[in-house]
Amino acid sequence: MIAVTGATGNVGRALVDRLLAAGRPVRALTRDPKRAALPERAEVVEFRPEEPAALFDGVSGVFLYAQAVTEPLLAAARAAGVRHAVLLSSGIVREGADETHPIHVLHANAERLIRDSGLEWTFLRPNGFATNALQWASQIRAGNTVRGVYADAVAAPIHEDDIAAVAERVLLDDGHEGAVHRLTGSAAATNADQVAAIGAAVGRELTFVEIDPAAAGPELFPYLDAHMLDRLLKTFEATIGVTPEITDTVERITGTPARTFARWARDHAADFGADSAA
């Protein structure tokens, strides 16, 4: 059995679906099982990290997100016989990175705790998620203009199901213990490129209107405090004119190339107001 924390998140849900399709039993750990709407074949269990002892009975591998990682949770997993922990870390963790960045601190600390836990481990370090584009969904549903920061900020956004596909293979195949896998999408795309791709997916011509980053706030980033927003804006600005990291890790591990952002946009067209994917 594989335990999946964050089972209702974008990557976790895709991983649950993949593991069930592969015929593996899945324990889906979620804060609110009643609202999870996960497949019936998944064993849906309330995730109570303050009471971790009962979460891992019969589990051989666990998929973790950084916020879930604590010493007691890892100790409970090891005591229950879990052998392998796979962490959804972040591409910001790398040699020469700004180790004071809040996202780096969170994920580097989770990696350290897992390394020290005695469990076998594998770290997945994706760069920008394609799902970050959902921040524009309400604007696109309302009209054809997207207001945002840094039209020319560039990334190689990765489809959440490509991350899940790698996680599936890492959990089910031997040979990934002690490995760090850096994950990206297949091609570079600016913010303006992404908006154009979403427009093509929903059948409308969309325009990206760049705003002054100093004016960015709760309207565009409602879940970030001022300190985190400032650091994130600096991260975005630093990508302008810089070729992003592009890896072949998805294809190397899964046998299938990473999907394009245009494919992600078609897969999520309904989130932006389309009746169906183009």
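The chat below goes through charged residues and salt bridges in a predicted model.

Colleague: How many salt bridges does a search of the whole structure find?

Modeller: The search turns up 17 salt bridges, and please keep in mind that the model is predicted.

Colleague: Which residue does R115 form a salt bridge with?

Modeller: R115 pairs with E111, and their closest N and O atoms are 3.7 Å apart. Both residues belong to helix α3 (residues 102–115), where they sit four residues apart, which is about one turn of the helix.

Colleague: What about R112, which residue does its side chain meet in a salt bridge?

Modeller: The side chain of R112 meets that of D116, with 3.9 Å from N to O. R112 is partly exposed, with a relative accessible area of 41%, while D116 counts as exposed because its relative accessibility is 59% and the cut-off is over 50%.

Colleague: Which pair links distant parts of the chain?

Modeller: E245 and R182 form a salt bridge in which the closest N and O atoms are 2.9 Å apart. This pair links distant parts of the chain, since E245 is in the loop between α7 and α8 (249–254) and R182 is in strand β9 (residues 179–183), 63 residues apart. R182 is buried, with a relative accessible area of 17%, and E245 is partly exposed at 33% relative accessibility.

Colleague: Switching to R125, where is that one found, and why does R125 count as buried?

Modeller: R125 is found in strand β6 (residues 120–126), and R125 counts as buried because its relative accessibility is 11%, which is under 20%.

Colleague: What is R125 in contact with, leaving aside its neighbours within four places in sequence?

Modeller: The contacts of R125, with those neighbours left aside, include S89, S90, G91, V93 and R94, and also E111 and R115. R182 is another of the contacts of R125, as are V180, H181 and L183. E111 and R115 are themselves partners in a salt bridge, and R182 is the partner of E245.

Colleague: Which residues are linked in a network of salt bridges?

Modeller: R18, D161, D162, E168, R169, D173 and R259 are linked in such a network.

Colleague: Last topic, which residues gather in a patch of negative charge on the surface?

Modeller: That patch brings together D152, D193, E210 and D212. D212 has its place in the loop between β11 (207–210) and α7 (226–237).

Note on methods. Residues are numbered from 1 along each chain as its sequence is written. This is a predicted model: local features need pLDDT of at least 70, side-chain atom pairs count only at pLDDT 80 or more; totals for chains, interfaces and linings use all residues. Side-chain values use heavy atoms; hydrogens and water are left out. Patches are made of residues with over 30% relative accessible area and no salt bridge: like charges are joined within 9 Å, nonpolar side chains (Val, Leu, Ile, Met, Phe, Trp, Tyr) within 5 Å. Accessible areas come from the Shrake-Rupley method with a 1.4 Å probe; for residues, only the protein chains shown count as cover. A salt bridge is a side-chain nitrogen of Lys or Arg within 4 Å of a carboxyl oxygen of Asp or Glu. Lys and Arg count as positive and Asp and Glu as negative; His and the chain ends are not counted. The place of a charge is taken as NZ of Lys, CZ of Arg, CG of Asp or CD of Glu. Helices (H or I, at least four residues) and strands (E, at least two) are DSSP runs, numbered from the N terminus. Buried means under 20% relative accessible area, exposed over 50%, partly exposed in between (1.4 Å probe, protein chains only). Contact means heavy atoms within 4.5 Å.
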